[in-house]
Every structure is written in C-alpha cells, then in structure tokens.
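Morning, everyone. Please look at the sequence and the structure on the screen while I talk.

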Amino acid sequence: MMAGVSSALPVRTQEIEQQLKARLQPSRLEVLDESAVHAGHSGANAEGFGTHFRIRIASPLFTGQSRVARHRLVYDALQNFIDQGLHALAIEIIESP
C-alpha cells in the first residue's frame, strides 16, 4: 500500500446523506463524492470513492451561528465517518430558499 493511502472501507454518499438529515434537518442538501478526482493523493483509496466529499447544505440549525460553528455542526454530525476513513470534507453552507 502507498504511504498516506487509506486502508479504511470507503464511505457511501447515501450514508452521509442519512446522517446529515437525521442530525441537521437540512432544508437543502447535496453530497458529492469527489474521490475520483483525488486519485493518487494522500488519503485516497484504491476503490476511487468514499474518501473525499463535498457537502452543500442549508439547515435551520445554522441560523445565528458563525461560519466556524456551522462547519463544526457538520463535522460533529459526520465524526463517525471521519473515524472510518473519510479523509477530506469540503463544506459549502448555502442559504435556505
């Protein structure tokens, strides 16, 4: 195995969506697995999915929260996936419709 390559099982997009829906009740949510474009980078796996994600999310729980606090809510909601090998997470907070 190459140095820096994750040996953890890949995380599935649907699992992340379910967790975020349960924890943050989003009014808008998009979860994109961008792992394939990170092939060969640190934290990538041989499967080509399940390590690098982009989250676009709006939630009423973000109201009145700072950017850092909003991101912390997302990270906290996904901590179990981070522990399982989710290597990179890009978070885009979007405004509710």
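First, the ground rules. This is a predicted model, where local features need pLDDT of at least 70, side-chain atom pairs count only at pLDDT 80 or more, and totals for chains, interfaces and linings use all residues. Residues are numbered from 1 along each chain as its sequence is written, and side-chain values use heavy atoms, with hydrogens and water left out.

Now the overall fold. How many helices and strands are there in the chain? There are 3 helices and 3 strands. Both kinds are DSSP runs, numbered from the N terminus: helices are H or I with at least four residues, strands are E with at least two. Along the sequence, the pattern reads α-β-β-α-α-β.

The chain has 97 residues, and 32% of them count as buried. Buried means under 20% relative accessible area, exposed means over 50%, and partly exposed is in between, with a 1.4 Å probe and protein chains only. The accessible surface of the chain is about 5700 Å². Carbon and sulfur atoms hold 51% of that surface. Those areas come from the Shrake-Rupley method with a 1.4 Å probe; for residues, only the protein chains shown count as cover.

Next, contacts, meaning heavy atoms within 4.5 Å. Take the contacts between residues at least 6 apart in sequence: 68% of them join residues at least 24 apart.

On to the strands. Two strands pair if DSSP finds at least two bridges between them. β1 and β2 run antiparallel, joined by 6 bridges. In that part, Leu29 stands opposite Ile57 in β2. β2 and β3 run parallel, also with 6 bridges. Here Arg54 stands opposite Ala90 in β3. Is β2 mostly covered or mostly open? Mostly covered: 5 of its 7 residues are buried.

Now the core. A nonpolar core is a set of buried Ala, Val, Leu, Ile, Met, Phe, Trp, Tyr and Cys residues joined through side-chain atoms within 4.5 Å. The largest one has 15 residues. Which of them touch the most other members? They are Ile16, Leu20, Leu24, Ile55, Val74, Leu78 and Leu89. The elements giving two or more residues to this core are α1 (13-24), β2, α2 and β3 (88-93). In soluble globular proteins, nonpolar side chains tend to be buried together.

Stay with Leu24 for a moment. Leave out residues up to four places away in sequence. Leu24 then touches Ile57, Ser59, Pro60, Leu61, Phe62, Leu73, Val74 and Ala77.

Pick Ser59 from that list. Ser59 sits in the loop between β2 (52-58) and α2 (67-77). Is Ser59 buried or exposed? Ser59 counts as buried because its relative accessibility is 5%. Its side chain reaches the backbone oxygen of Leu24 at 2.5 Å.

Now the charged pairs. Side chains of opposite charge can pair when their charged atoms come close. A salt bridge is a side-chain nitrogen of Lys or Arg within 4 Å of a carboxyl oxygen of Asp or Glu. By this rule, the count is 5. Here are some of them.

Arg56 and Glu30 meet at 3.3 Å, N to O. Arg56 is in strand β2 and Glu30 is in strand β1 (residues 28-33), 26 residues apart. Arg56 is partly exposed, at 25% relative accessibility. Glu30 is partly exposed too, at 36%.

Glu34 and Arg54 form a salt bridge at 2.8 Å, N to O. Glu34 lies in the loop between β1 and β2, while Arg54 is in strand β2, 20 residues apart.

Through shared partners, Glu30, Glu34, Arg54, Arg56 and Glu92 join into one network.

Last stop: Gln25. Where is Gln25? Gln25 is in the loop between α1 and β1. Its phi is near 40°, a positive value in a residue other than glycine. Gln25 counts as partly exposed because its relative accessibility is 43%.

That's my tour. Over to you.

Definitions and conventions. Polar contact = N/O pair within 3.5 Å; in protein donor to acceptor, adjacent residues only side chain to side chain.
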